[in-house]
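Please open the model in a viewer and keep the selection panel at hand. The stops below proceed from one selection to the next.

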Amino acid sequence: MTGTTIPDASGKLPSLCIAGPTASGKTAAALAIAARWPVEIISVDSALVYRGMDIGTAKPSAEERAAVPHHLIDIRDPNQPYSAAEFVRDARSLMASIRARGRLPLLVGGTMLYFKALFEGLDALPAADASVRAEIEAAARAQGWPALHAELARVDPATAARLSPNDSQRIQRALEIWRLSGQPMSRLIASNSGAKPDQSTPGYRMFSLEPIDRAWLHERIAQRFDLMLAQGLLDEVRALRARGDLSPELPAMRCVGYRQAWAWLDAQGRADPPPLVQLREQGIAATRQLAKRQLTWLRSMSDRQVFPCDAPDALNALLRAVDALFQAPA
C-alpha cells in the first residue's frame with residue numbers, strides 16, 4: 001500500500017464510493033485502490049451483513065478481507081433484519097473513525113438505497129409493523145405476489161410502476177406504508193424532507209462501473225451463478241434451512257439466489273421435482289433483474305463518474321481517476 005495515512009493535511013478529501021450492478025467488478029476495483037492508497041472498505045451491501053451467507057453473496061474471501069480492513073460484513077444473524085437507517089448510523093460512525101486513523105473511507109457496493117440514504121437523507125416513513133406484515137405475507141401465500149403488486153398499482157401506481165410483480169420485499173413495504181398511513185409511499189417520499197445528511201462529513205466522490213453492452217454483464221452474471229452452484233450454494237442454503245428458525249419471508253432469505261434456492265429445495269419434495277437447470281435459470285434471471293434495478297438507480301445519480309466496466313482498460317481508468325484525486329492539491 002502506498003502510504004499509511006491520507007496525504008491531505010486538511011482532512012477534506014472526499015470519501016470514495018464504488019457503485020455498480022452485481023458482477024460489474026466492484027470488489028476487484030476496491031482491492032486495487034486499497035493496494036495503492038490508505039483506505040478502509042465499508043460494504044454498502046444489504047446481503048453481506050449476514051453471517052453464514054458467503055457463497056450466494058459473493059462475499060470477499062478471508063484473504064481479501066485480511067489484505068485491507070472491511071466493515072459492515074458479517075454483523076447480523078440471518079434472522080435479524082438490517083435497515084437503511086441502521087446502515088446510515090453505522091456508516092457515519094465508521095467514516096469518522098476511519099478518518100481519525102488517518103485513512104479514507106472507501107464505500108463499495110450495489111445497495112443503492114443505502115447510498116441514497118447516506119448522502120441524501122432518509123424519508124420519514126412509518127416504522128415496520130409486525131402484524132401488518134404478517135397480514136400481507138398471508139395474503140401473498142394465498143394469492144401470490146403478482147396479485148399484491150396489482151393491489152399496490154391501484155393505491156400507489158407510481159411505486160408499483162418501478163417494482164417487479166415478484167419484488168416481494170418492496171411490494172410488502174409499500175403496502176405496509178399504505179395500510180399504516182393511508183397514503184401512497186410515493187407521495188410520502190415526495191412530501192417529506194426526511195433525515196438530512198450529516199453536514200459535518202466531507203463530501204463524496206461516486207465512481208460507477210456500468211456496462212456499455214448488457215450482454216457482457218449477463219454473461220458475467222451467468223458465470224458467477226454457475227460458480228456459486230459449483231462452490232456449494234445449495235449446501236449453504238440447506239444449512240440455513242436446517243437451523244429451523246429461518247423462513248423465506250425474512251429479508252436475508254429474500255436475497256437473490258437464496259430465495260430461488262430455498263424454493264427449489266422446497267420443490268424437491270414433490271412427485272415431479274424440478275431439475276437443477278431450473279434453479280440455474282431462475283437464479284440467473286433474478287440476478288439480471290437485480291442488475292437492471294441497480295442500473296436504474298444509478299441513472300438517477302447525476303453526480304456519478306461512469307467507467308464502462310466492459311472496456312478493456314476500465315480498471316486502469318478508474319485507478320487513474322482515484323490517483324488524481326489523492327494527488328490533487330489540498
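**Aromatic groups**

Begin by selecting Tyr 82, Phe 87 and Tyr 114, which form one aromatic cluster. Rings of Phe, Tyr and Trp (its six-membered ring) pair if their centres lie within 6.5 Å; planes under 30 degrees apart count as stacked, over 60 as edge-to-face and the rest as tilted. This is a predicted model, in which local features need pLDDT of at least 70 and side-chain atom pairs count only at pLDDT 80 or more, while totals for chains, interfaces and linings use all residues. Residues are numbered from 1 along each chain as its sequence is written, and side-chain values use heavy atoms, with hydrogens and water left out.

A search of the whole structure finds 5 aromatic pairs. Select Phe 119 and Tyr 204 next: their ring centres are 3.8 Å apart and their planes lie at 25°, so the pair is stacked. This pair links distant parts of the chain, 85 residues apart, with Phe 119 in helix α4 (residues 112–120) and Tyr 204 in strand β5 (residues 204–210). Helices (H or I, at least four residues) and strands (E, at least two) are DSSP runs, numbered from the N terminus. Buried means under 20% relative accessible area, exposed over 50%, and partly exposed in between (1.4 Å probe, protein chains only).

**The nonpolar cores**

Return to Phe 87 and display its surroundings. Leaving aside neighbours within four places in sequence, Phe 87 is in contact (heavy atoms within 4.5 Å) with Ser 43, Val 44, Leu 72, Tyr 82, Leu 107, Tyr 114 and Leu 118.

Now widen the selection to the largest nonpolar core, which has 53 residues. A nonpolar core is a set of buried Ala, Val, Leu, Ile, Met, Phe, Trp, Tyr and Cys residues joined through side-chain atoms within 4.5 Å. The residues with the most contacts inside this core are Met 53, Phe 87, Leu 107, Phe 115, Leu 118 and Leu 233. Two or more residues are given to this core by each of β1, α3 (84–100), α4, α10 (214–231), α11, α12 and α13. The largest share, 7 residues, comes from α3. A second, separate core of 27 residues includes Val 39, Val 68, Ala 317 and Leu 318.

**Helix α12**

Select residues 258–267, which make up helix α12. Of its 10 residues, 7 are buried, so the helix is largely enclosed by the rest of the structure. The buried residues are Tyr 258, Gln 260, Ala 261, Trp 262, Trp 264, Leu 265 and Ala 267, and they pack against α11 (233–242) and α13 (276–299).

**The loop between β2 and α2**

From Tyr 258, move to Thr 57, which touches Ala 47, Leu 48 and Tyr 258, not counting residues up to four places away in sequence. Thr 57 is found in the loop between β2 and α2 and counts as buried at 13% relative accessibility. Ala 58 has its place in that loop too, with a positive phi near 55° in a residue other than glycine. At 28% relative accessibility, Ala 58 counts as partly exposed.

Gly 52 is found in the loop between β2 (39–43) and α2 (62–67) and is partly exposed, with a relative accessible area of 41%. Leaving aside neighbours within four places in sequence, Gly 52 is in contact with Glu 236 and Leu 240.

**The annotated binding site**

Finally, select Gly 20, Pro 21, Thr 22, Ala 23, Ser 24, Gly 25, Lys 26 and Thr 27, which UniProt lists for "binding site" in an unreviewed entry. UniProt positions are given in the numbering used here, feature names are shortened, and annotations may be inferred rather than shown by experiment.

Gly 20 lies in the loop between β1 (15–19) and α1 (26–34) and is buried, with a relative accessible area of 0%. Ala 23 lies in the loop between β1 and α1 and has a positive phi of about 70° although it is not a glycine.

Ser 24, found in the loop between β1 and α1, is buried at a relative accessible area of 5%. Its side chain reaches the backbone oxygen of Pro 21 at 2.7 Å. A polar contact is a pair of N or O atoms within 3.5 Å; within protein, one must be able to donate a hydrogen and the other to accept it, and residues adjacent in sequence count only if both atoms are side-chain atoms.
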